[in-house]
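Morning, everyone. Please bring up the model on your screens, and we'll walk through it together.

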Amino acid sequence: MTRQLLVGPFNRVEGDLEVSLTVRDGQVAEARVNSPLFRGFEMMLLGKDPRDALTITPRICGICSVSQSAAAALALADAAGATPTPQGALAAAILHGVENLADHVTHFALFFMPDFARPAYQGRDWHAEAVNRFTAMQGSAARRLVEARARLLHIAGILGGKWPHTLAIQPGGVTKAPDARDRVRIIATLRSFRRALEETIFAAPVEDFAALATLSDLEAWSSGDAGLFLRIARDLGLAGMGPGPGRYLSYGAYPLEGGRASRQGVLTGGVPGPFDPAQVTEDLSHAWMLGETAHPARGRTVPDEDMREAAYSWCKAPRLGGRVVEVGALARQAVDGHPLALVLAAEGGVRARVAARLLEIARTQLWLEDWAQALDPGARFLDPFELPRHGEGVGLVEAARGSLGHWLRIENHRIAGYQIVAPTTWNFSPRDGAGVPGALEAALVGARVGEGEETPLSVQHIVRSFDPCMVCTVH
Amino acid sequence: MSQIETFYDVMRKQGITRRSFMKYCSLTAAALGLGPAFVPKIAHAMETLPRTPVIWVHGLECTCCSESFIRSAHPLAGDVVLSMISLDYDDTLMAAAGHQAEAALRDTIERYRGNYILAVEGNPPLNEDGMYCIVGGKPFVDQLREAAEHAKAIISWGACASYGCVQAAHPNPTRAVPVHQVITDKPIIRVPGCPPIAEVMTGVITYMLTFDRLPELDRQGRPAMFYGQRIHDKCYRRPHFDAGQFVESWDDDNARRGYCLYKMGCKGPTTYNACSTIRWNEGVSFPIQSGHGCIGCSEDGFWDQGSFYDRVTDLTQFGVEANADQVGMAAAGAVAGGIALHTAISALRSAQKKVQDRPSTAKEEA
């Protein structure tokens, strides 16, 4: 028996999303992912002062705005041949790390876990606990974490003036030189966030979760909401649900003085390899966009106003060396070589993505604590920079949801080209010219759909396990 | 109407204690610039008036307004307000999904016909029959019209809904327009900013829910109590401006001394908002405090005014007042609003200070 299902709009994802499914014999046989929201940032940036990218691109997204501003600042720095001062880079990393950490916690507590509080799961032995902890906006864990997260973002306030849409990150560093009092306050705020994590998600020292190395270590973890998640994952078989392409990409997170805090590279079938930026292309065959497949440095954004039949999304299809890759916390941690992440990457499903995100929460907390200690209020935080009359620049960063790249071209002091490839553009891309589906489209194939289920639960879990950010996807 | 609960009922269901409730009432009175005498009035209103339902819809946007909102200064205020509005419809945070969510929207409209407030985040794109923003298979502009038809009043959250914001920047590829260009027959209150300050959002919504009317608006339809003054008027770096002490380049000695950022392109002198008084992220800071000029994100057209780092040129040292007022056009209500604002802000700030000093330090030491 074959039927067509249109799932969407999805709430509890950032932005709008629609998935159309062909269901055969109780399983998804084919999936098409549509990003139904287009604003055209890449068109608006043309002709503007290059520095305005620092203000305009963060407004692509209200939850990863620091990632966008960090990528824009790096692209400008690249074009100007500038390097941020070491302490400027450190302050920028703290700002960015705080946002990524806040995003991961939001995803877990507000977007992902509430699905297990649904009435459809009544009768499971973990259901009452899931309801108590994660009912949308009322669960005890959800409330506690929203509050902790608001307090964590004080750091973004201290270093960036305001969040969201922080302005402080510049090509030469950051505009805010924190003083000794700011440093102490940042350290204290991180300490209180650690306490929140150690009382809710982990209910154990953060270090313990970061030190997990094998699947059996992970499966033996029973405390906190992480333990609750792992119990649910075992009961529902989330490990085998929604496998990705098995190829992972990370640009390496947090550029610091001595290099990036996490490794850059590609992981294919468990084998690490280098990342070659020249291999990135965007395919337009199934997007309502006009033009040829191109490297982002040469790419253009011309929406197809006829919305031709052969296409089904505003999202372009990025490929690395012509192949689909998955990005995100799992990719980042695996490419960095963390032992637990490596085994999770081999597993590759819903459980792996969420567990890797939890792992990254723990590791980011530890990084942030070290970085805050290393802040030196006496040092220089910002160097002036000069943009060339003509030039090109690339800014590659790791947002919470994965690899984010900005490709910039300047002509006569004006922006002549600006292309953005966001994490969810990679993960939720449509098919390419060869008909190869994007990472989510492939992950959905095989998902179980119950008789009469109109918004299949398995599909909800798989979609949310990627932590999509649809407003970044198409921009 | 009898089937609709009161605010107090809703709060009790959320487990909010009587003591917290009274605290919330005083805080609200303070935030709105109403003296302590108003506290029992607010409490009475909340105990007896039926809860005003709020429908919150999202168009072409980045969700920064919601993000700001859920981080309100006073955790209690955030909690209370969220519990008041969350029960109805909000597609980013609500529990229901897909078609259920669409049905919830229709039900809410039907059930509270003529009685609900429609809060709009983002804006509708009109090009290609609205195809650039599709919600539930239909253009967002249709959802907006449907939801607006039976709304009592509309709140335009943020620069997008109020003015267009960055997606309306030249060449405005999707023809994104502010809400008032599509809905012309309803009272609309504009709460601009990218995003607006959380306390301003909760203040506006609490006022409307509690008193069942719009707060006093200026000529641009903004609540006068929060948009009656320029960033510049209450900027802590203002004395440096008056003394002619400016930052000349990033992180120079003058920057370290906290001099005025006017020469670095600060738009504070022409921007009406409460950033320099209420500040951001629970009163921690605001852009100027982080050493970056104001970009004027609560002003109409801020996205297409030349570079954000260009100096404001239609401004002379001694002509500041007249000139900036022309730009802002917010003369109406400025005096009354100014006084209210002053009271509101000092009260709110002292309330915030107490809150920050207590629970957080208590927790950090615990």
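How many of the seven residues of strand β6 (residues 151-157) of chain B are buried? Five of them, so to speak, are under cover: strand β6 of chain B is mostly covered. Buried means that 20 or more other C-beta atoms lie within 10 Å of a residue's own; exposed means 12 or fewer, partly exposed is in between, and C-beta atoms are placed from the backbone. Strands here are DSSP runs of E with at least two residues, helices are runs of H or I with at least four, and both are numbered from the N terminus.

Some ground rules. This is a predicted model, where local features need pLDDT of at least 70, side-chain atom pairs count only at pLDDT 80 or more, and totals for chains, interfaces and linings use all residues. Residues are numbered from 1 along each chain as its sequence is written, and chains are lettered from A and ligands numbered from 1 in the order in which they are written.

Back to strand β6 of chain B. Strand β3 (residues 116-121) of chain B runs parallel to β6(B), joined by six bridges. Two strands pair if DSSP finds at least two bridges between them. B:E121 has B:W157 as its bridge partner in β6(B). Strand β7 (residues 188-191) of chain B is also parallel to β6(B), with four bridges. There, B:W157 stands opposite B:V191.

Now zoom out on chain B. It is divided into domain 1 (7-226) and domain 2 (229-329); those bounds come from an automatic or database domain assignment. In domain 1, 17 residues are in contact with 15 residues of domain 2. Contact means C-beta atoms, placed from the backbone, within 7 Å. The domain 1 side of that contact has eleven nonpolar, three polar and three charged residues. For those classes, Ala, Val, Leu, Ile, Met, Phe, Trp, Tyr, Cys and Pro count as nonpolar, Asp, Glu, Lys and Arg as charged, and the others, Gly among them, as polar.

Next, the contact between the chains. Chain A puts in 68 residues and chain B 59. On the chain B side, α4 (64-69), α5 (75-85), α6 (98-111), β4 (134-135) and α16 (334-365) each supply at least two residues. That side splits into 31 nonpolar, 19 polar and nine charged residues.

You'll find A:K162 in the loop between α7 (154-160) and β4 (169-170) of chain A. Is A:K162 buried or exposed? A:K162 counts as buried, because there are 27 C-beta neighbours inside 10 Å. Leaving out residues up to four places away in sequence, A:K162 touches A:G157, plus B:W280, B:N281, B:S285, B:F286 and B:P287.

On to chain A as a whole. Its secondary structure comes to 18 helices and 15 strands. The radius of gyration is 21 Å, close to the 23 Å of the globule rule for 475 residues, so chain A is as compact as a globular protein of that length. That radius is taken over C-alpha atoms, and the rule is 2.2 Å times the number of residues to the power 0.38. The C-alpha trace spans about 60 × 55 × 40 Å along its principal axes. Of the 475 residues, 63% are buried.

Look at the sheet β1-β2-β3 of chain A. This sheet is open, three-stranded and antiparallel. β1 (2-7) and β3 (27-34) are the edge strands, each with a single partner, so one side of each has no neighbour in the sheet. Strand β2 (residues 18-24) is joined to β3(A) by seven bridges. One pair there is A:T22 with A:E30.

Finally, helix α17 (residues 457-465) of chain A. Eight of its nine residues are buried, so α17(A) is largely enclosed by the rest of the structure. Among them are A:H461 and A:R464. Where does the cover for the buried residues of α17(A) come from? The cover includes β1, β2, α4 (86-112), α14 (350-374) and α16 (439-444) of chain A. Just after α17(A), A:D467 takes a positive phi of about 50 degrees.

That's my tour. Over to you.

Key:
Two residues are in contact if their C-beta atoms, placed from the backbone, lie within 7 Å.
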